[in-house]
Amino acid sequence: MFLAALTSFITAFSTSAIAVALPAIASQFSINAILQNWLATSFLLSIAIFSVPFGKLAGKYGLKKFFILGILIFFVGSVGASISFSAYHLIFFRVIQGIAAAMLNIASLAMITEALPPKERGKGIGITISSVYIGLTLAPVLGGILTKNLGWPSIFYLTLPLLIIPLAILIFKVKNEWVTGKKDPFDFIGTFVYSIGILLFMYGFTILNQLTGVFLTILGLILLAGFAFWELRQKFPVFHVEFFKNLKFSSSTLAALISYLATFIVTYILNYHLQYIRHMDPQTTGLILIVTPALMALIAPFSGKLSDKIEPQKLASLGMVFVTVAIFILIFLDKSMPLYVIVVSMVLQGIGYGIFSSPNTNSIMGSVPRKFASLASATVSTVRVIGQTMSLGMLTVIFAVIMGSVPIIPRYFSLLILSSQIACVFSTVLCFIAVIASLVGMKSGKRMIS
């Protein structure tokens, strides 16, 4: 649990710490708003591409081995990112970090499911997810302080000593290895079709305002549909598509996807608003942005433990109601909105997502046999990053349509405000759909599998 919690913290920190540093990076490399978003999107896109095949490989070769290899690759990516001398070099090493993060995310959650008895699974998942939110909490604070005082590369230096701790524990203290499909052949064709399909879909979605983007998105969806058809015909699929025949699994997965799609951009919207519109420095911005993830971190362990006793999706739907109200408030975000109103919205979102996330993850992990824990974990990881990537893609498309390829300077601040408001309208509608998805799964009548 300590290993899962620590590595979850590191990957979450690396996901969000760069957000508060984006204006500084953009200034140094002279890049526009669209390329700024790709510094975050590239990390998430690589996780989305590799999570599904890694879920199969982790079970085949061992969770511990995957853990160790993921830490080593993450170390290389962090060093490379810290010494990048252009935006494109930084994006390349963010991709390397994303590959490693996919390995760590899958191994950590699968190990929790394997190592704990079913009656304690929700509590273990809750603690792990709480560590994610602690990482998200400290990311803007430490990211802002480091960026202001030591420069943005110091964000990546910080993760290096933290990676040594789990590596040492895995090598010297963890004697067990968890292998669930050692003799299963690997589905290379399915993996290739999935990887190309998700790459085309996700990239196309980020340029959906262009004809090329529409074509790539549709082509990606066709390949993903072909992937699902292929997997259903395989004796040893890279991903068990039939899991989605379980309404509890499919509705929880859909709710997770929509929730990340709706909420991930909120941090970026508020970060841009506080730094550009309100002229706050990265350090002050980071201190304000801790409100939401801090509340998530506090509430997630309790909601996870509660989900072992109460229908998880009942809690999940309640949490998304809070989130829906929170983002609805931000539809009216402009330079005249009082800061306390923004903070109230952040509080509601933190409470709501803290109630939603652990029970929803417990519902997904508990809806499949335990021998498929790594594949269920891959589903959780993939859905999260697809939602996050689509979320940033949605924001990028809105920026492209409303602002165009321009730098974020005072002349275009009114367009930045309009873009943020439009994004929050879409996010509010999506949150409402996530509430419905959770309620549908609750009525499925299928018990969770121990």
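## Basis of the model

The model is predicted: local features need pLDDT of at least 70, side-chain atom pairs count only at pLDDT 80 or more, and totals for chains, interfaces and linings use all residues. Residues are numbered from 1 along each chain as its sequence is written, and side-chain values use heavy atoms, without hydrogens and water.

## The chain as a whole

The chain contains 15 helices and zero strands; helices (H or I, at least four residues) and strands (E, at least two) are DSSP runs, numbered from the N terminus. Its C-alpha trace spans about 60 × 45 × 45 Å along the principal axes.

Of the 450 residues, 62% are buried, that is, under 20% relative accessible area with a 1.4 Å probe, protein chains only. Among contacts (heavy atoms within 4.5 Å) with a separation of 6 or more, 85% join residues 24 or more positions apart.

## Helix 11

Helix 11 covers residues 291-306 and has 16 residues. From its first C-alpha to its last it reaches 23 Å, close to the expected 22 Å, a span defined as 1.5 Å times one less than the number of residues. A kink of about 35° lies at Ile299, shortly before the proline Pro301; the bend is the angle between axes fitted to the seven residues ending at a residue and the seven starting there.

The buried residues of this helix are Thr292, Pro293, Met296, Ala297, Ala300, Ser303 and Gly304. Their cover includes helix 5 (118-150), helix 10 (282-289), helix 12 (312-330) and helix 13 (339-365).

Note on methods:
Buried < 20%, exposed > 50% of the residue type's maximum accessible area, 1.4 Å probe, protein only.
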